[in-house]
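The sequence and the structure come next.

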Amino acid sequence: MTVATAGRVLVVDDEQPLARLVGEYLTRDGFTVNLAFDGSEAVRAAREQSPDVVVLDLGLPGLD
C-alpha cells in the first residue's frame, strides 16, 4: 500500500533548531520536508526540488 504525502515543503531559516522543529511537525503531518539554512542554499534547493510551498524566514544571512 502506497501512502501519499501532503506535498513538498522547503523550510528556510538560519536558526537551525527552529527549522528542524518546523520540519518535524510538517513531517508528522505527512509532508515531505527539505531544509535550507541560508538564502543561497534555499535558492538552490528550490530549483532542484520544486517544492509545493516554501516556509521562509525573512532576513537571512548573505541573500534575503
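The model is a predicted one. Tyrosine 25 belongs to helix α1. Together with Leu18 and Leu21, Tyr25 makes a nonpolar patch on the surface. The accessible area of these three residues together is about 290 Å².

**Helix α1**

Helix α1 spans residues 16-28, 13 residues in total. From its first C-alpha to its last it reaches 18 Å, close to the 18 Å expected at 1.5 Å a residue. Which residues of α1 are buried? They are Ala19, Gly23 and Leu26. Seen down the axis of α1, the buried residues fall within an arc of 65°, so they line one face of the helix.

On the face turned away from the buried side sit Pro17 and Arg28, both exposed. Just after α1 comes glycine 30, with a positive phi of about 100°.

**Helix α2**

Helix α2 covers residues 39-49. Gly39, Ala42 and Ala45 are buried in α2. Viewed down the axis of α2, its buried residues fall within an arc of 120°, so they too line one face of the helix. Those buried residues pack against β1 and β2. The face turned away from the buried side of α2 carries Arg47 and Glu48, which are exposed.

Glutamate 41 is placed in helix α2. Its relative accessibility is 25%, so glutamate 41 counts as partly exposed. Which residues does glutamate 41 contact, leaving aside its neighbours within four places in sequence? The contacts are Leu35 and Ala36.

Serine 50 lies in the loop between α2 (39-49) and β3 (53-56). With a relative accessibility of 43%, serine 50 counts as partly exposed. Its phi is near 45°, a positive value in a residue other than glycine. Not counting residues up to four places away in sequence, serine 50 touches Arg8 and Ala45.

**Pairs apart in sequence**

| Pair | Apart in sequence | Apart in space (C-alpha to C-alpha) |
|---|---|---|
| Serine 50 and phenylalanine 31 | 19 residues | 14 Å |
| Glutamate 41 and leucine 63 | 22 residues | 9.3 Å |

**Summing up**

On the side turned away from the buried face, α1 shows Pro17 and Arg28, while α2 shows Arg47 and Glu48.

Notes
Residues numbered from 1 in each chain as written. Predicted model: local features only at pLDDT ≥ 70, side-chain atom pairs only at ≥ 80, totals over all residues. Heavy atoms only, no water. Helix = DSSP H or I, 4+ residues; strand = E, 2+ residues; numbered from the N terminus. Expected span 1.5 Å × (residues − 1). Buried < 20%, exposed > 50% of the residue type's maximum accessible area, 1.4 Å probe, protein only. Arc of directions from axis to C-beta. Patch = residues over 30% accessible without salt bridge, like charges linked within 9 Å, V, L, I, M, F, W, Y side chains within 5 Å. Areas by Shrake-Rupley, 256 points an atom, 1.4 Å probe, with all protein chains shown as cover. Salt bridge = Lys/Arg side-chain N within 4 Å of Asp/Glu carboxyl O. Contact = heavy atoms within 4.5 Å.
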